[in-house]
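Welcome! Take a moment to look over the sequence and the 3D view before reading on.

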Amino acid sequence: MADINTPALGESVTEATVARWTKKVGEAVKKDEILVELETDKVSLEVASPADGVLSAIGAAEGATVVPGTVLGVVSEGATAAAAPAAPKKRVSPVQFFREVRAETRKITWTSRKETWITSVMVFIMVVMASLFFAAIDGGLGLATTQLLKLATAG
């Protein structure tokens, strides 16, 4: 058995929240396959499987707060997953489909107004700098061309 432990989170970060498990108990996993996503106030990180096998236990459910070293789950090394019967496709009404899509879009982490503002200002500064650069190049080439034409016509 191999424990899935919460990794070190950074210097000033002391805890994380389990955002999402990518596998369910009983599913086969491969070494280094992403099993769980953790979120902190500063960063999101993924925790990979320590070994090949089957996810045999989840110790920290989605939404749980964990600290570095906490056992998130357990992988049974060398075990194989039981073959689950294929579930028939479920027909979903358009209204239900819309609700599911809407629920998924609410999970997306959108950038804050401050981040959007900072990005916009940085792009504006880069455009102004590029404009000044190309204006200087254009002016210099124009001046050089004029001087060459004067030399060519004078002599």
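This report begins with the whole chain and then visits a few residues one by one.

## The overall picture

The model shown here is predicted. Its protein chain holds 2 helices and 8 strands. If you read along the sequence, these elements come in the pattern β-β-β-β-β-β-β-β-α-α. The radius of gyration of the protein chain is 28 Å, well over the 15 Å that the globule rule gives for 155 residues, so the chain is more spread out than a compact globule. Along the principal axes, the C-alpha atoms fill a box of roughly 90 × 45 × 30 Å.

How much of the protein chain is made up of buried residues? The share is 18% of the 155 residues. Among the contacts with a separation of 6 or more, 61% are between residues 24 or more positions apart.

## Surface and charge

The protein chain has an accessible surface of about 11800 Å², and carbon and sulfur atoms account for 62% of that area. As for charge, there are 16 positive and 17 negative side chains. The centres of these two sets lie 11 Å apart.

Methionine 1 sits in the segment before strand E1, which covers residues 2-5. Is methionine 1 buried or exposed? Its relative accessibility is 72%, so methionine 1 counts as exposed. Methionine 1 still has partners from elsewhere in the sequence: leaving aside neighbours within four places, it is in contact with Ser56, Val74, Val75, Ser76 and Glu77. For one of these, serine 76, the separation from methionine 1 is 75 residues in sequence, while the C-alpha to C-alpha distance is 4.5 Å.

Threonine 6 belongs to the loop between E1 and E2. With a relative accessibility of 5%, threonine 6 counts as buried because this value is under 20%. Not counting residues up to four places away in sequence, threonine 6 touches Leu38, Val66, Val67, Pro68, Gly69, Thr70 and Leu72.

Next comes lysine 23, in the loop between strand E2 (16-21) and strand E3 (28-29). Which side chain makes a polar contact with the side chain of lysine 23? The partner is glutamate 33, at 3.1 Å.

Aspartate 32 lies in the loop between E3 and strand E4 (34-39). At 54% relative accessibility, aspartate 32 counts as exposed. The backbone of aspartate 32 is worth a look too: its phi is near 70 degrees, a positive value in a residue other than glycine. For background, most residues other than glycine have a negative phi.

## Along helix H2

Our last stop is isoleucine 137, which is found in helix H2, residues 113-154. How does its accessibility class compare with the cut-offs? A relative accessibility of 39% makes isoleucine 137 partly exposed, because the value falls between 20% and 50%.

Where does isoleucine 137 lie relative to isoleucine 108? The two residues are 29 residues apart along the chain, and their C-alpha atoms are separated by 44 Å.

Notes:
Residues numbered from 1 in each chain as written. Predicted model: local features only at pLDDT ≥ 70, side-chain atom pairs only at ≥ 80, totals over all residues. Heavy atoms only, no water. Helix = DSSP H or I, 4+ residues; strand = E, 2+ residues; numbered from the N terminus. Rg over C-alpha atoms; globule rule 2.2 N^0.38 Å. Buried < 20%, exposed > 50% of the residue type's maximum accessible area, 1.4 Å probe, protein only. Contact = heavy atoms within 4.5 Å. Areas by Shrake-Rupley, 256 points an atom, 1.4 Å probe, with all protein chains shown as cover. Lys, Arg positive; Asp, Glu negative; His and termini not counted. Charge placed at Lys NZ, Arg CZ, Asp CG, Glu CD. Polar contact = N/O pair within 3.5 Å; in protein donor to acceptor, adjacent residues only side chain to side chain.
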